[in-house]
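Please open the model in your viewer and keep the sequence panel beside it. The tour below moves from one selection to the next and says what is found at each stop.

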Amino acid sequence: MKNIMGAWIQKKNIDKRRVGELITRRGSIQTPFFMPIATRGAVKHILPEEVRSLGAEIVLGNTYHLWLRPGSELIARAGDLHRFMDWSGPILTDSGGFQVFSLGARASERFGVNGVRLSEAGVEFVDPENGNRYFLSPEISIDIQLDLGSDIIMVLDECPPYPCTREYALASLQRTTRWAARAFEHFYKKIKEGGEKYVNDRPLLFCIVQGSIYEDLRVESVKQLSGIEFSALGGPDSGWDGYAIGGVAVGEPRETLPDILKWTVPYLPEDKPRYLMGLGRPEELVNAVNAGMDMFDCVIPTREGRHGRLFIMKSQNTNFKSQNPNKTKNTKAQNENNNEEEGSFYETINIQNERFKEDFTPVDPLCDCLLCTRYTRAYLRHLFSVGEPLAGRLASLHNLRFYMRLMEKLRD
Ligand SMILES: [Zn+2]
């Protein structure tokens with residue numbers, strides 16, 4: 001089978017940092033990049049053209065949420081997710097697995113049922129909103145993502161909780177490999193059924209590396225995934241279009257991330273894009289880019305923004321050497337102290353703090369976003385204090401722009 005050639009073009013290396021371009025059927029994306037999250041088909045508070053003007057070239061949609069509401073078949077009838085939400089650029093969708101496992105516990109609490117039942121066939125789970133039962137398998141996840149019209153499709157993986165024993169992590173990653181092989185086979189079967197035009201214009205398919213916090217298991221996971229007999233399963237010999245590192249935002253200590261990257265990255269193919277799923281804070285992104293990762297997504301900029309916490313770049317010229325994560329206090333400590341968080345290249349402020357009441361300067365004088373070019377800290381603080389919805393919108397715009405500027409600087 002023909003493969004899309006040059007899905008990933010590497011332009012230059014700065015030590016381990018990779019600057020390049022990822023080609024999808026809906027256009028190319030400069031790497032490294034950050035994906036704003038359109039969980040339910042919208043980036044919260046922000047229109048697609050605004051997302052684009054912030055510098056984003058791709059957004060992430062959540063398979064789990066869109067499948068349950070409004071339903072992937074409804075979205076397919078609307079055309080696809082691009083038309084439904086009016087975003088013409090590339091979309092990456094996750095497999096739904098992460099939410100199945102993380103939200104299943106919530107269903108157990110609410111409905112007193114076993115929220116998640118895992119088997120070799122797939123995973124049965126209960127929708128925590130209404131108690132309805134669903135079944136998700138590697139094949140069904142591919143079908144849903146094809147219905148959504150996703151341009152980068154993730155295989156269904158089992159995302160083990162933290163902490164988990166080595167035995168459990170091993171069994172889980174082996175299942176993840178078997179599921180990945182099934183997803184690969186099913187994906188190429190569906191692509192071929194779509195005809196030649198579809199074959200030449202197909203979405204990309206990424207696998208997900210698991211292995212929890214165990215060095216040998218992370219390596220084992222990469223080896224198993226890249227060792228699949230791809231052509232025997234009906235796909236190209238070149239295999240996966242990209243590799244994601246999963247199971248890293250599940251409550252493990254933040255100090256383990258550099259280790260997981262150190263163990264895993266050297267085994268990832270040089271010529272494929274690498275996606276760190278669900279992370280992170282700005283210094284974690286810098287460290288991951290410096291470790292050789294290319295793609296990121298995280299709810300932090302918009303979620304923090306809605307709570308009045310804003311990221312501020314300290315200087316226009318920073319060399320973005322790797323940051324010491326231990327130097328940054330976590331958000332909880334920051335709330336308790338109601339004080340600024342200190343990273344070496346940025347800080348955060350809580351705009352609801354009394355001291356901004358008569359601060360008529362921009363949130364970040366170096367930022368070119370709508371908030372910083374038109375409004376003052378005092379105005380934003382006022383909006384938050386009286387509960388105006390515009391507050392969360394302006395803060396989200398700014399924080400997303402901060403993340404985009406950070407990625408621009410890392411590409412420069
Ligand atoms: Zn701004």
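## First stop: the largest cavity

Select I29, Q30, F33, F34, G55, A56, E57, M404, M407, E408 and R411, which together line the largest cavity. The model is a predicted one, in which local features need pLDDT of at least 70 and side-chain atom pairs count only at pLDDT 80 or more, while totals for chains, interfaces and linings use all residues. Residues are numbered from 1 along each chain as its sequence is written, and side-chain values use heavy atoms, with hydrogens and water left out.

A cavity is here a set of points, on a 1 Å grid over the protein atoms alone, where a 1.4 Å probe fits but cannot get out, whereas a pocket is an open set with protein on both sides within 12 Å along at least five of seven lines; lining residues have an atom within 4 Å of a point. Grid points are joined across faces, edges and corners, and a volume is the space filled by probe spheres set on the points. By this rule there are 4 cavities of 30 Å³ or more, and the largest cavity has a volume of about 70 Å³.

Colour next by secondary structure, taking helices (H or I, at least four residues) and strands (E, at least two) as DSSP runs numbered from the N terminus. The elements that give two or more residues to the lining of the largest cavity are β3 (27–31), β4 (33–35) and α16, and the largest share, 4 residues, comes from α16. By class this lining has 6 nonpolar, 2 polar and 3 charged residues, where Ala, Val, Leu, Ile, Met, Phe, Trp, Tyr, Cys and Pro count as nonpolar, Asp, Glu, Lys and Arg as charged, and the others, Gly among them, as polar. Domain 1 (8–298) and domain 2 (303–411) both contribute to the lining of the largest cavity, so this cavity lies between them; the domain bounds come from an automatic or database domain assignment.

## Second stop: the largest pocket

Move to I37, F98, Q99, V299 and R303, which are the closest to the centre of the largest pocket among the 48 residues that line it. The volume of the largest pocket is about 1,200 Å³. Now select α2 (63–68), α5 (97–111) and α12 (300–306), each of which supplies at least two residues of the pocket lining; α5 gives the largest share, with 6 residues. The lining of the largest pocket divides into 18 nonpolar, 15 polar and 15 charged residues. Because domain 1 (8–298) and domain 2 (303–411) both give residues to this lining, the largest pocket lies between them.

## Last stop: backbone details

Most residues other than glycine have a negative phi, and most peptide bonds are trans. Select T31 and P32, whose peptide bond is cis with omega near -5°; P32 lies in the loop between β3 and β4. Go on to R69 and P70, where the peptide bond is cis with omega near 5°, and where P70 is found in the loop between α2 and α3 (72–77).

Is D15 buried or exposed? D15 counts as exposed, at 73% relative accessibility, and has a positive phi of about 55° although it is not a glycine; its place is in the loop between β1 (8–14) and β2 (17–24). Finish at S212, also not a glycine, with a positive phi of about 50°. S212 sits in the loop between β12 (204–209) and α9 (215–226) and counts as buried at 7% relative accessibility.

Terms used. Buried means under 20% relative accessible area, exposed over 50%, partly exposed in between (1.4 Å probe, protein chains only).
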